[in-house]
Amino acid sequence: MPTLGSASTYQGEGNSIIDLKLDSNVLNAENIGIFGLNKGTIKDLNIINASLNSNISSDSSGSGLIAGKNENTISGVEVTLTGNVNKNAGGIAGINEGTIDNCVANGEIAGDSNVGGISGLNIGINNIWYQQNKGIVSECNSSVYIYAENLGSSNLGGIVGKNEKQALVEKCE
């Protein structure tokens with residue numbers, strides 16, 4: 001999966017991608033999404049009738065329709081999906097260490113751990129000296145039905161599956 005660099009912007013201009021299929025059950029797959037790793041800005045894009053199927057092996061990797069791992073900004077994105085995942089997965093981003101705002105996710109995702117409608121794992125700041133805010137999900141709406149794939153499933157949520165290290169979820173429905 002491609003990486004969007006830190007100085008890059010992907011401007012969707014409100015355009016739509018229809019019937020997208022992201023399937024990765026490859027052993028040791030990392031950061032599954034349109035952009036595997038986002039270090040730039042992704043905005044104003046619609047994904048309609050998508051499917052996300054992944055089996056992530058690393059705890060530091062994720063799977064999401066837009067980005068497997070977000071380290072910067074995703075804004076104004078709307079997705080409709082079905083998914084079958086094992087961990088660290090969300091409709092927008094699998095792991096969020098940046099900002100996701102004004103996004104909408106609809107559909108259903110089955111998974112085992114750290115699965116959310118917007119982001120599966122939302123990680124905030126880990127050091128009080130680090131001044132940049134990280135792990136923010138703001139003004140998002142999720143109508144994603146999340147259900148446990150196995151009896152021992154954990155950290156499943158409508159907006160975020162798991163919030164860590166002072167991550168912030170605000171003004172979401």
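These questions and answers walk through a predicted model of one chain.

User: How are the residues numbered, and which pLDDT values apply in this model?
Analyst: Numbering runs from 1 along each chain as its sequence is written. Because the model is predicted, local features need pLDDT of at least 70, side-chain atom pairs count only at pLDDT 80 or more, and totals for chains, interfaces and linings use all residues, while side-chain values use heavy atoms, with hydrogens and water left out.

User: How many helices and strands does the chain have?
Analyst: Helices (H or I, at least four residues) and strands (E, at least two) are DSSP runs, numbered from the N terminus. By that count, the chain has zero helices and 19 strands.

User: What share of the residues is buried?
Analyst: Buried means under 20% relative accessible area, exposed over 50%, and partly exposed in between (1.4 Å probe, protein chains only). The chain has 173 residues, and the buried share is 49%.

User: Which residue in E13 is the bridge partner of Gly90?
Analyst: Strand E9 (residues 87–90) pairs with strand E13 (residues 113–116) in the parallel sense, over three bridges. In E13, the partner of Gly90 is Gly116.

User: Which residue forms a salt bridge with Lys87?
Analyst: A salt bridge is a side-chain nitrogen of Lys or Arg within 4 Å of a carboxyl oxygen of Asp or Glu. For Lys87, the closest N and O atoms are 2.7 Å apart, and the partner is Asp59. This pair links distant parts of the chain, 28 residues apart: Lys87 is in strand E9, and the loop between strand E5 (41–54) and E6 holds Asp59.

User: Which side chain makes a polar contact with that of Ser138?
Analyst: Ser138 lies in strand E15 (residues 136–138). Ser138 counts as buried, because its relative accessibility is 8%. A polar contact is a pair of N or O atoms within 3.5 Å; within protein, one must be able to donate a hydrogen and the other to accept it, and residues adjacent in sequence count only if both atoms are side-chain atoms. At 3.3 Å, the partner of Ser138 is Glu170.

Technical notes: Pairing = 2+ DSSP bridges.
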